[in-house]
Amino acid sequence: MARSAYREAVTYFEQALTALRHLPEQRHTQEQAIDLCDDLSSALQALGEFRQRFPYLREAETLAEMLGDQRRLWQICTHMTHAFWTTGDYDNALTCGQRALTLAAATEDAVQQARVYGFLGTVYFSLGDYRRAIDVFRQAIPSYEGEWRHARFGGMMIAA
């Protein structure tokens, strides 16, 4: 996937996920399953296969909730916000975005909160709620100063 071979990445991630499901259910294998589902979702996004992301994101969400893994759950909720936005489901995008923001706030990680603000601002913009979009985007700006200005945070675009 790092070399933009998204179709091949989807195939390999699916194979790895299938193999992982044959292993005993232990915390580390479930964490790997969450990460594989998330990576698979990202590869599908890059291919423009937006709706195919949802089963993997939901599986990852369920596993993260079951494990009580707040960091992974935050990440999945953030990606679900984007996934719902890309399919025009703004209500669910807002719901996931607010959940992701709550989870990110608990980590006190300003950069991660800024990523969520970026997605939420985009949803409000798409809804035509420009004042709210501006307010949300403004909350993200301070976090992208200095070293974070050109960071991708695992995404395809520079977040700032």
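**A tour of helix packing and salt bridges**

Select helix H2 (residues 27–46) and helix H3 (residues 53–67), which pack at an angle of about 155° with their axes 8 Å apart. H2 is therefore roughly antiparallel to H3, a term for angles over 145 degrees. The axes are lines fitted to C-alpha atoms over the stretch in contact, with angles running from 0 to 180 degrees between N-to-C directions. Helices are DSSP runs (H or I, at least four residues), numbered from the N terminus.

This is a predicted model, in which local features need pLDDT of at least 70 and side-chain atom pairs count only at pLDDT 80 or more. Residues are numbered from 1 along each chain, and side-chain values use heavy atoms, without hydrogens and water.

Next, select Arg 7 and Glu 49, whose side chains meet in a salt bridge (2.6 Å, N to O); the term requires a side-chain nitrogen of Lys or Arg within 4 Å of a carboxyl oxygen of Asp or Glu. Arg 7 lies in helix H1 (residues 6–20) and Glu 49 in the loop between H2 and H3, so the pair ties together parts 42 residues apart in sequence.

Move to Arg 72, which is buried at 11% relative accessible area (buried: under 20%; exposed: over 50%; partly exposed: in between; 1.4 Å probe, protein chains only). Its side chain forms salt bridges with Asp 35 (2.8 Å, N to O) and with Asp 69 (2.7 Å, N to O). Asp 69 is buried at 9%, whereas Asp 35 is partly exposed at 29%.

Methods: Helices (H or I, at least four residues) and strands (E, at least two) are DSSP runs, numbered from the N terminus. Angles under 35 degrees count as roughly parallel, over 145 as roughly antiparallel, 65 to 115 as roughly perpendicular and the rest as oblique.
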